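Dear colleague,

I am handing over the structure below, and after it you will find my notes on what was found. Please read them alongside the coordinates.

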Amino acid sequence: MKYRQRHPWDISPREAVEIQKRLQGEVVRSNDFGEISHVAGIDVGFQDGKAIAAAAVLNFPSLELAEYAISRKPVTFPYIPGLLSFREVPAVLDALEKLSIEPDLILCDGQGIAHPRRFGIACHVGILTEIPTIGVGKTRLTGSHEAVGEKKGEWQPLLDKGEIIGAVLRTRNGVKPIYISIGHRIDLETSIRYVLASTTKYRLPETTRWAHRLASMPKRVNSSTNPEKTG
DNA sequence: GCGACAG
DNA sequence: ATCTTGTCGC
């Protein structure tokens, strides 16, 4: 997968905010894609000042692991709420670039437009790769919502300043809901459908679970680790 | 000024 | 994100 360099990464937090304001207007909030046969999950872990990004590609709708890639890069940007993508995306793009299969949809670990400036990590990845993306957050960054029904599939709109910026979705009966929002080239209802279609018996979608496992996998000099068979 | 704050 | 064991409940 190739991507376009839209801005430098060696910038200040202040410049990062300006970049978000500039690129936010390019986010497409409606469906703009064809058949989905491969869904990817991306996640980033940290170790010894390095960001370890993992991209896991699953066949859709079977959800079997088709391919994965991992990238390790020095961290150059601090964690600042609202500017998460400037810390994680460089490593994510590196991992995505290593894939031979170009995913048709990417589920990102974090928010999409459910962000103060409507430009969370899912939007950032979507704009740079031009691949449809969905934001899947484990906790809330901004917005408010009513109590969510306890049954799997039930959800409540996430509101901010009178705008629906996402959905708080119950992916398992009686388990803490997750935060879904548009990343790029897909609408909210469709995002919810794909997240549910990518979820089996756990709270988080299989894409996210695979990426998280791979990103937190210890680096071994003797490769005795094989995700294909470890299951 | 005070509280909130993805990973 | 990461530091970290046991424990309550289906």
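Helices (H or I, at least four residues) and strands (E, at least two) are DSSP runs, numbered from the N terminus. This is a predicted model, in which local features need pLDDT of at least 70 and side-chain atom pairs count only at pLDDT 80 or more, while totals for chains, interfaces and linings use all residues. Residues are numbered from 1 along each chain as its sequence is written, and chains are lettered from A and ligands numbered from 1 in the order in which they are written.

The cover over the buried residues of α3 includes α1 (13-23), α2 (85-98), β4 (105-109), β5 and β8, where contact means C-beta atoms, placed from the backbone, within 7 Å. Just after α3, Glu 130 has a positive phi of about 65°.

Strand β8 (residues 178-184) is likewise largely enclosed by the rest of the structure, since seven of its seven residues are buried. Strand β5 (residues 133-137) runs antiparallel to β8 and is joined to it by five bridges (strands pair if DSSP finds at least two bridges between them), with Thr 133 partnered by His 184 of β8. Strand β7 (residues 163-169), also antiparallel to β8, is joined to it by three bridges, and Leu 169 stands opposite Ile 178 in β8.

With regards

Definitions and conventions:
Buried ≥ 20, exposed ≤ 12 C-beta atoms within 10 Å, placed from the backbone. Contact = placed C-beta atoms within 7 Å.
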